[in-house]
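Hi everyone, thanks for coming.

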Amino acid sequence: MSPLLIAFDGPAASGKGTLASIIAADYGLPFLDTGLLYRAVGHVARERGLDLEDAKTLGEAAQFIHPTLLEDDALRGREAGEWASRVAAIPEVRAALKQFQIDFAHQSTGAVLDGRDIGTVIAPDATVKLFVTAEPETRAKRRFLQLIKANSALTFEDVLSDIRIRDERDSSRSSAPLEMARDAVLLDTTNLDIEAAIEAARSIVKARRGGV
């Protein structure tokens, strides 16, 4: 039997990362949140004062992103998400990170990855592809409840604006835009709580694997 490779794609705050990590645990597979790679590049760019218009320098910086950098809690905040969205639109950055993701996806153990272009670019040969989404307002509410704990001045309108801007940027970029693979299964979590979303994802994976 060939290695089990599962791709989760979708917009920001759709719940794909949570679902992907749970499915990975279910099957004992290594898991990669590819968004953290772009957050790490954005974080490095901000820390070094790099110009976001300097695609060549950013592409070079992306080549030296190491997995240990992905453990930094600073990558999980609102600002890191904004920087990630901006650097992810740069073709040189995407090219620099592409092989790392492909190698992770195609290891002999199998793998689970979540991102924006896993099923379309990184692993078009994935065993199972899910496209997880939800209405912008629902996603903004989820993200707001996560971020308000660390930033009491944050408003729901701020987060919703961020979500809409990131959606537009992710969908309209020239390099590997956010889009649903033709053979992916759509999972809309707008009206699902976390337990229902998990069960729906599990059912999709089992169905695609012939009930296993």
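Let's start at Lys56, which is exposed at 59% relative accessible area (exposed is over 50%, buried under 20%, partly exposed in between, with a 1.4 Å probe and protein chains only). Helices here are DSSP runs of H or I with at least four residues, numbered from the N terminus.

A word on the source: this is a predicted model, with local features needing pLDDT of at least 70 and side-chain atom pairs 80 or more, while totals for chains, interfaces and linings use all residues. Residues are numbered from 1 along each chain as its sequence is written, and side-chain values use heavy atoms, leaving out hydrogens and water.

Now, which residues pair with Arg46? Glu47 does, at 3.6 Å from N to O, and so does Glu79, with its closest atoms 3.5 Å apart. Glu79 lies in helix H4 and Arg46 in helix H2, so this pair ties together parts 33 residues apart in sequence. The whole structure has 13 salt bridges.

Finally, the largest cavity: its lining includes Arg39, Glu82 and Asp162, counting residues with an atom within 4 Å of a point on a 1 Å grid over the protein atoms alone where a 1.4 Å probe fits but cannot get out. Helix H8 gives the most to that lining, four residues.

Key:
1 Å grid on protein atoms, 1.4 Å probe; cavity = no way out; pocket = protein on both sides within 12 Å on 5 of 7 lines; lining within 4 Å. Helix = DSSP H or I, 4+ residues; strand = E, 2+ residues; numbered from the N terminus. Salt bridge = Lys/Arg side-chain N within 4 Å of Asp/Glu carboxyl O.
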